[in-house]
Amino acid sequence: MKVVLLQDLEGYGVFGDVINVKDGFANNYLIPRGIALPATEGNLRHVKSIIQQRMRKLQREKEKAISLAKALEGLILEIPRPVGEKGKLFGSVTAADISNALKEKGFDVDRKRILLKTPIKDVGIYTVQIRLHPQVNVEIKVEVKPV
């Protein structure tokens, strides 16, 4: 029986794939659980329209990320922190701190998108990479200053 997948199914295919499975597997497992639909002309058109909607949404998100990347490009973010002897910070500067500083400047960037291998523990200027979209990255400078 030919079915069109509505979800990714490990070992069989991904959303939108038309696969050939045994009748019992389709009728007793895939179709009742909403994992697949019979591969009729109407169901194929429906899945194709869903795929097109997802592609348009991904394109809009990418365009939004590109415009945000252009705005962030060349930004130097200053973060003041209390400092002890020898320039060591009390605590550290984390991705959440950078995200909050960006929000104060008017940029809404989730902390999970900030790629910081380890927290910053010294005063200085650091280059931090931000992944706004799987295909859009931008680097900003973070200057940690003593208070």
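Visitor: Which residues line the largest pocket, and which element gives the most to the lining?
Guide: This is a predicted model, in which local features need pLDDT of at least 70, side-chain atom pairs count only at pLDDT 80 or more, and totals for chains, interfaces and linings use all residues. Residues are numbered from 1 along each chain as its sequence is written, and side-chain values use heavy atoms, with hydrogens and water left out. The lining consists of E61, K64, A65, L68, D108, V109, D110, R113, L132 and H133. With four residues, the most is given by α2 (41-72).

Visitor: Is H133 buried or exposed?
Guide: H133 is one of the residues lining the largest pocket and lies in strand β8 (residues 124-133). Buried means under 20% relative accessible area, exposed over 50%, and partly exposed in between (1.4 Å probe, protein chains only). H133 has 11% relative accessibility, so the residue counts as buried.

Visitor: How are the rings of F25 and Y29 arranged?
Guide: Both residues lie in helix α1 (residues 23-30), four residues apart. Rings of Phe, Tyr and Trp (its six-membered ring) pair if their centres lie within 6.5 Å; planes under 30 degrees apart count as stacked, over 60 as edge-to-face and the rest as tilted. Here the centres are 5.5 Å apart and the planes are at 10°, so the pair is stacked.

Visitor: Which ring does the charged end of R54 sit over?
Guide: A charge sits over a ring if NZ of Lys or CZ of Arg is within 6 Å of the ring centre and within 35 degrees of the ring normal. The charged end of R54 is 4.2 Å from the centre of the ring of F15.

How values were computed: Helices (H or I, at least four residues) and strands (E, at least two) are DSSP runs, numbered from the N terminus. On a 1 Å grid over the protein atoms alone, a cavity is a set of points where a 1.4 Å probe fits but cannot get out, and a pocket is an open set with protein on both sides within 12 Å along at least five of seven lines; lining residues have an atom within 4 Å of a point.
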